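Please read them with the sequence and structure open beside you.

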Amino acid sequence: MLAYVWLWYSPDLMALKQWASQASHHPVVIIGVMVIMAVTLAIGLPGSIGLWLIAPFYPPMIATAMLTLSSVVGALGAYQIAARAGRNWAPSGLTLKVMDMLEQRSDLITQCALRILPGFPHSVINFAAGLRSISLKTYLLAATLGLAVKWAVYSSAIYGTLEAIEEEDALQFDVVLPLIALALLLLIGAWFRRRVEAARKA
């Protein structure tokens, strides 16, 4: 992240920054980045590259909408792939644990929590949900709500931080607030993880 900030605001690369800013708003680029993110999530690869190709270039509200749409489409694709695989797929490790969790509790709140809290790979949630064939309507609603919250925090933090660096004013309230929210999410995620591990050992 530090290297990214340095490259983005280096005086030697201002021409590159201007070109990237202009290119990022071209419709083909926008659609291309969103499609790449959706496809990578659908086949189980991390879609976080989409975050770094979208969040720095667009205001948080627009970036959140783009990231959420891409992620939900990718989540639907992964769900369908796993549902079609069915009994031919014998998962293990974290995917099997999430499958067992979703078999016992697949309500909207639980799924939203899994989406919002850091530390739970979205591909695992997507494939586990498809293999267990949980309600698609609840699954998509939880993915939309949970990912919208998560992407809103990340987008605001990245965009606000880069703007603050450019304006040389890093102590703005709208910059600090998303960073505090992100820190809280990380702390809650770590606490939730420890609870799950403790319950499993018990």
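1. Tyr-139 has a relative accessibility of 0% and counts as buried, a term that stands for under 20% relative accessible area, with exposed meaning over 50% and partly exposed lying in between (1.4 Å probe, protein chains only). Tyr-79 is likewise buried, at a relative accessible area of 7%.

2. This is a predicted model, in which local features need pLDDT of at least 70 and side-chain atom pairs count only at pLDDT 80 or more, while totals for chains, interfaces and linings use all residues. Residues are numbered from 1 along each chain as its sequence is written, and side-chain values use heavy atoms, with hydrogens and water left out.

3. The structure holds two aromatic pairs; rings of Phe, Tyr and Trp (its six-membered ring) pair if their centres lie within 6.5 Å, and planes under 30 degrees apart count as stacked, over 60 as edge-to-face and the rest as tilted. The rings of Tyr-79 and Tyr-139 have centres 4.9 Å apart and planes at 35°, so this pair is tilted. Because Tyr-79 lies in helix α5 and Tyr-139 in helix α9, the pair ties together parts that are 60 residues apart in sequence; helices (H or I, at least four residues) are DSSP runs numbered from the N terminus.

4. For Trp-151 and Tyr-154 the ring centres are 6.2 Å apart and the planes stand at 80°, so the pair is edge-to-face. Both residues lie in helix α9, three residues apart, about one turn of the helix, and both are buried.

5. The largest nonpolar core has 19 residues, of which Leu-51, Ile-54, Tyr-58, Leu-67 and Trp-151 touch the most other members; such a core is a set of buried Ala, Val, Leu, Ile, Met, Phe, Trp, Tyr and Cys residues joined through side-chain atoms within 4.5 Å. At least two residues of this core come from each of α3 (27-42), α4 (48-54), α5 (60-85) and α9 (136-167), and α9 gives the most, with six residues. Apart from this core lies another, of 14 residues, among them Ala-75, Ala-82, Phe-127 and Tyr-139.

6. Helices α3 and α5 pack at an angle of about 35°, with their axes 7 Å apart, where axes are lines fitted to C-alpha atoms over the stretch in contact and angles run from 0 to 180 degrees between N-to-C directions. The contact (heavy atoms within 4.5 Å) involves residues including Ile-30, Met-34 and Leu-41 of α3 and Leu-67, Gly-74 and Ile-81 of α5.
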